[in-house]
Amino acid sequence: MKKGYFKVDFERKNPQNTYEKFIQVVKRSLNTELFVGLFVVLREMFKKNNSATIKYPMEKVALDNRYRAVHRLMRFIESENECCIGCGLCEKICISNCIRMETSLSEDGRKKVENYSINLGRCIYCGFCADVCPELAIVHGKEYENAAEQRSYFGQKQDFLTPIDELKNQVVFEGSGSLRKDADNLVKKTPNYYEIDLQRQQDASKEENV
C-alpha cells in the first residue's frame, strides 16, 4: 500500500449491543490509542511556561499599530483645531451605514462639523472610513473594550475627539488609516519639489558660509 493511504474496512460493522461496544473499547485501549491521547494531554498540562491564555483583564495583549478598534478623531497639535473638514467621504463609503455627520457653514465659508456619530454596535471595523479620509482625521485606535447593553450603541463626536488637555499625548502615526512614518519617501516627487529642495540646500550652504 502506498505511503499516505490507509485501508478502509467496509465490511466492519458497528457494535450492535453493550457487549460489542465493551469489546470495541477494550481493543482500542489495548491498541494504545487511548493512552497516546492521555499522554499528549498530560504532557501539555504539566509543561512549564506553556500558558495559552492570559489573566484578563489584569493582563492584556500588546496590540499592533494597525489594529482596528474604536475610532479616534484627530486634532492638529499646533492649533488644537479638528482635522476633519466635513467632506463626508467616510459617511458615503461606510458599507455598514453606521456613520452620521451634520455640518454647517462657518463665517469664513468653511464647513464645520456640528455632530458626528458612529453606531459602534453596527460597525464592522473594516477601516474604509480611515483609508478614504483625505485629512487623516479619523483613525482606528486601540480601545476594544466597548461592550454595551443595547445593540444600537452610538458614539458621539466628543467620545472620539482627542481632548485638548490630552493633545500632547496624541500620537499622529498610530492606528489603521494613518500614514506610515516613511510615507514621504514613498510618494513620487514632482519637478517643483526638486527645485524647492535645491533652493533650500543653497540657502543652507550660504548660511553656513556666513
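## The second largest pocket

The second largest pocket holds about 300 Å³ of space. A pocket here is an open set of points on a 1 Å grid over the protein atoms alone, with protein on both sides within 12 Å along at least five of seven lines. Lining residues have an atom within 4 Å of a point. Grid points are joined across faces, edges and corners, and a volume is the space filled by probe spheres set on the points.

This is a predicted model: local features need pLDDT of at least 70, side-chain atom pairs count only at pLDDT 80 or more, and totals for chains, interfaces and linings use all residues. Residues are numbered from 1 along each chain as its sequence is written, and side-chain values use heavy atoms, with hydrogens and water left out.

The lining of this second largest pocket includes Phe 76, Cys 84, Arg 110 and Lys 157. Strand 3 (residues 111–119) gives the largest share, three residues. Strands (E, at least two residues) and helices (H or I, at least four) are DSSP runs, numbered from the N terminus. By type, the lining has five nonpolar residues, one polar and five charged. Ala, Val, Leu, Ile, Met, Phe, Trp, Tyr, Cys and Pro count as nonpolar; Asp, Glu, Lys and Arg count as charged; the others, Gly among them, are polar.

## The largest pocket

About 400 Å³ of space lies in the largest pocket. It has 20 lining residues, and His 71, Arg 72, Glu 143, Asp 159 and Phe 160 are the closest to its centre. Strand 1 and helix 5 (157–160) each supply at least two lining residues. The lining divides into six nonpolar, seven polar and seven charged residues.

## Annotated cysteines

An unreviewed UniProt entry carries a "binding site" annotation on Cys 84, Cys 87, Cys 90 and Cys 133. These residues are spread over 50 residues of sequence, yet they cluster in space, with a largest C-alpha distance of 10.5 Å. Cys 84, Cys 87, Cys 90 and Cys 133 are also in the lining of the largest cavity. UniProt positions follow the numbering used here, feature names are shortened, and annotations may be inferred rather than shown by experiment.

Cys 87 sits in the loop between strand 1 (71–73) and helix 3 (89–93). Its relative accessible area is 32%, so Cys 87 is partly exposed. Buried means under 20%, exposed over 50%, and partly exposed in between (1.4 Å probe, protein chains only). Cys 90 belongs to helix 3. Cys 90 is buried, at 8% relative accessibility.

Contact means heavy atoms within 4.5 Å. Not counting residues up to four places away in sequence, Cys 87 touches Lys 92 and Pro 134. With neighbours within four places set aside, the contacts of Cys 90 include Ile 99, Met 101 and Tyr 116.

## Cavities

A cavity is a set of grid points where a 1.4 Å probe fits but cannot get out. There are three cavities of 30 Å³ or more.

Of its 13 lining residues, Cys 94, Ile 99, Cys 123, Cys 126 and Cys 129 lie nearest its centre. Nine of the lining residues are nonpolar, four are polar and none is charged.
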